[in-house]
Amino acid sequence: MASRFRLGSALLLTAMCLVLSAVVVDCASQVTTCDFNHWQVHRLYCGHGVISVRQALYGRSSSLVCSEGRPPQELANTLCAQRDTVERLGTICNGKKSCEVIVEEFRTPDPCAGTFKYLQTNFTCVPAFRVVACESSVARLYCDWGRVIFVYGADYGRRDRTTCTYRRSQYEIDNVECRRPTDIVASRCNGKNPCTITASNAVFGDPCKGTYKYLEVAYTCRYPGDYPY
């Protein structure tokens, strides 16, 4: 019998893993964040590997999810979905070990006024190589002979105060809310081996002036026949 409970963070998390011979082959997780207020955070995390967003919904597809304490009229519309939610979440989160987004970012335009909504994401944790290049240096991606690069995700900015900090002032590393998810690395490197790209404002633009940034890339190596051209 299913039991109903409420999490203080309004975060519901389920994980469904396929295990073969005591080895985890694939693990799909689902995170649901009810849209209670302006500061609701939707967090995805991979203990091993990096995030690959498979499905995402901002709206309502079930009258049971995030329903506690809500009147029936706010739960009746189960055909409510914000456009481009998968693409937007994938751009922000793909290729990262952890990712946080504010649910409020998906509210506009309102896909269904009067309906109580939630953000729900299905994602997998995939094995990947991770490359970090400090601003003005070069990131080099490469694979073994016979394989080519496939980029899961890339971000140019700053998300912590420990990466690329040598001889940098506190002011230059203080802003950890600086991010610019980018498909430039994928467009330049996918299908190649090797590939180099400079971590610079000239290539990616400047998402936060005065902050010393870095480029973070997550990628894997595939045989050319497996590459999704």
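Colleague: Which residue is the bridge partner of R60 in strand 5?

Modeller: Please keep in mind that this model is predicted. The partner of R60 is C80. Two bridges join strand 4 to strand 5 (residues 80-81), and these strands run antiparallel.

Colleague: How many bridges join strand 4 to strand 7?

Modeller: There are nine, and strand 4 and strand 7 (residues 118-126) also run antiparallel. Within this pairing, S52 stands opposite T124 of strand 7.

Colleague: What should I know about side chains in a strand, and how many residues of strand 4 are buried?

Modeller: In general, the side chains of a regular strand alternate between the two faces of the sheet. In the present case, strand 4 (residues 50-60) is mostly covered, with nine of its 11 residues buried.

Colleague: Which residues touch the most other members of the largest nonpolar core?

Modeller: A nonpolar core is a set of buried nonpolar residues joined through side-chain atoms within 4.5 Å. The largest one here has 20 residues, and those touching the most other members are L141, I149, V151, V185, L215, V217 and Y219. Several elements each supply at least two residues of this core, including strand 10 (148-157), helix 3 (184-189) and strand 12 (214-222). Apart from it lies another core, of 17 residues, among them L44, A56, Y58 and C125.

Colleague: Why does V217 count as buried?

Modeller: Buried means under 20% relative accessible area. V217 counts as buried because its relative accessibility is 1%. This residue is found in strand 12. Among the residues that V217 touches, leaving aside those up to four places away in sequence, are F129, L141, V151 and V185.

Colleague: How are aromatic pairs read, and how many are there?

Modeller: One considers the distance between the ring centres and the angle between the planes; planes over 60 degrees apart count as edge-to-face. The count comes to four pairs. F129 and Y219 form a tilted pair, 5.4 Å centre to centre with 35 degrees between the planes. This pair links distant parts of the chain, since F129 lies in strand 8 and Y219 in strand 12, 90 residues apart. F129 is partly exposed, at 46%, whereas Y219 counts as buried, at 3%. F150 and Y152 form an edge-to-face pair, at 5.6 Å and 85 degrees, and both are buried.

Colleague: Which charged end sits over the ring of F150?

Modeller: It is that of R222, 3.9 Å from the ring centre. Elsewhere, R70 lies over the face of F116, at 3.8 Å from the ring centre.

How values were computed: Residues are numbered from 1 along each chain as its sequence is written. This is a predicted model: local features need pLDDT of at least 70, side-chain atom pairs count only at pLDDT 80 or more; totals for chains, interfaces and linings use all residues. Side-chain values use heavy atoms; hydrogens and water are left out. Buried means under 20% relative accessible area, exposed over 50%, partly exposed in between (1.4 Å probe, protein chains only). Helices (H or I, at least four residues) and strands (E, at least two) are DSSP runs, numbered from the N terminus. Two strands pair if DSSP finds at least two bridges between them. Contact means heavy atoms within 4.5 Å. Rings of Phe, Tyr and Trp (its six-membered ring) pair if their centres lie within 6.5 Å; planes under 30 degrees apart count as stacked, over 60 as edge-to-face and the rest as tilted. A charge sits over a ring if NZ of Lys or CZ of Arg is within 6 Å of the ring centre and within 35 degrees of the ring normal.
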